[in-house]
Amino acid sequence: MAITRRKFIIGGSVVAVAAGAGILTPMLTREGRFVPGKPRVGFVEGTPGALPQQSDVVVIGAGILGVMTAINLAERGLSVVIVEKGNIAGEQSSRFYGQAITYKMTDETFLLHHLGKHRWRDMNAKVGVDTTYRTQGRVEVPLDEEDLVHVRQWMDERHKNVGSDIPFKTRMIEGSELNQRLRGAKSDWKIAGFEEDSGSFDAEVTAFVMAEYAKKIGIKIYTNCAARGLETQAGVISDVVTEKGAIKTSQVVVAGGVWSRLFMQNLGVDVPTLPAYQSQQLISAAPNAPGGNVALPGNIYFREQADGTYATSPRVIVAPVVKESFTYGYKYLPLLALPDFPVHISLNEQLINSFTQETSWKLDEVSPFEKNRDMTALPDLPELNSSLEKLKTEFPAFKDSKLIDQWSGAMAIAPDENPIISEVKEYPGLVINTATGWGMTESPVSSEMTADILLGKEPIINPKAFSLYRF
């Protein structure tokens, strides 16, 4: 996308105003850099040998969205090949916070998550292995009276119209029930929303379990095999060209996470997203601490893992300033105004890199994906350390918990925060499934929708809200 003088002025003004308005905390030293990494814990080998000459469908990206979409297509009887520039689940998919929730979500996004929780509840039986998914009630204390009113209205609306025959199981709790859910808290919390059927999974396990299942049912996954682009004949997709050769196909799914925009740019298709990073950490078990999943005012979040350890994550987004911040950053202002969506701006070399990043290349040339195999964002250590201290102050049961790991997950977010699950009109036979910070939660349903769109069937959820052309 060319940067016109007008767009640059508008975008630059938005960045400057937001940075000084108190909505954002600009910090030149704030981490927000994209650096080489690796899968956070697990590892799954790719398929050995040469690429097949052809496949019914080629999926680009072996993160959770790509793997789940491939599974859905293979279960419909299609041959499916996944090509991945790095390792399976090497980036965001092994770094999700791992909660499946619908709290305060509306319309199609609510339904995407509501159905997703239901699909995940059946997943262990389907794959014959423990995915770590479990129903785990979640408590969230409202930020203030205004938030409490909003939550009550949201619950009333959802009770009246769930949009599914799966019951809605979120309600207000107080008194002894709330005290038990928040046992040991120093503050005297009075009321909270309780999502009884919320789910939880340990992403560093779940992504790899599903990849192994994909291989078991015949899906071939080629790692360190970047897709460079597509070839067409008479306006129809004919091949996916990779660094290791071409695969003949007429049906393609792009599920490249933060790299989807760059891949599509080389095809002349704009995917409007901006990068966003969220830091997390893992601490050791605390026997007397509350179980389940908890969110409290003051940026205190924690979730018990399957092995008794706890994942914690301040709900703070680090947004690196990049070239696109000056072209359509203004479209994100409604998100920045949300009281529970604090954003820290990061000014670092990623801004320079975004201006120097090649956005077009020939299919016989080395692509940017071959230069960036497994990439991850550096964690925001000051925010993580601060949130951990707040957690230990509020719940003394955590005072002896030891830090095990700290990391950051990289996302590409659309201006309305909805995912993009859409046909690409410029390339019949191409569907994109990307732009989400909730890929683990959404993947059973978004993959089904992706497969339906690709095969010309009516999706279970109206895809209009997720269309690439909604902007």
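Predicted model: local features only at pLDDT ≥ 70, side-chain atom pairs only at ≥ 80, totals over all residues.
Local features need pLDDT of at least 70, side-chain atom pairs count only at pLDDT 80 or more, and totals for chains, interfaces and linings use all residues. Residues are numbered from 1 along each chain as its sequence is written, and side-chain values use heavy atoms, with hydrogens and water left out.

Helices (H or I, at least four residues) and strands (E, at least two) are DSSP runs, numbered from the N terminus. Helix α2 spans residues 64-74, and helix α7 spans residues 203-216. The two pack at an angle of about 30 degrees, and their axes are 10 Å apart. Axes are lines fitted to C-alpha atoms, for helices over the stretch in contact; angles run from 0 to 180 degrees between N-to-C directions. The crossing of α2 and α7 is left-handed, meaning that the near helix is turned anticlockwise from the far one by less than a right angle. From α2, the contact (heavy atoms within 4.5 Å) draws on Ile64, Val67, Met68 and Ile71. From α7 come Ala207, Met210, Ala211, Tyr213 and Ala214. This contact has 9 nonpolar, no polar and no charged residues. Here Ala, Val, Leu, Ile, Met, Phe, Trp, Tyr, Cys and Pro count as nonpolar, Asp, Glu, Lys and Arg as charged, and the others, Gly among them, as polar.

Strand β12 (residues 236-242) pairs with strand β13 (residues 245-248) in the antiparallel sense, over 4 bridges. Pairing requires at least two DSSP bridges between two strands. A hairpin of 2 residues links β12 to β13. Thr242 has Gly245 of β13 as its bridge partner.

A cavity is a set of points where a 1.4 Å probe fits but cannot get out; a pocket is an open set with protein on both sides within 12 Å along at least five of seven lines. Lining residues have an atom within 4 Å of a point. Grid points are joined across faces, edges and corners, and a volume is the space filled by probe spheres set on the points.

The second largest pocket has a volume of about 660 Å³. It is lined by 27 residues, with Phe34, Trp259, Gln350, Ser354 and Gln357 closest to its centre. Helix α11 gives the most to this lining, with 5 residues. The lining has 11 nonpolar, 10 polar and 6 charged residues.

The structure holds 4 cavities of 30 Å³ or more. Of its 38 lining residues, Glu91, Ala255, Gly256, Gly257 and Val258 lie nearest the centre. The lining of the largest cavity comprises 21 nonpolar, 13 polar and 4 charged residues.

Terms used
1 Å grid on protein atoms, 1.4 Å probe; cavity = no way out; pocket = protein on both sides within 12 Å on 5 of 7 lines; lining within 4 Å.
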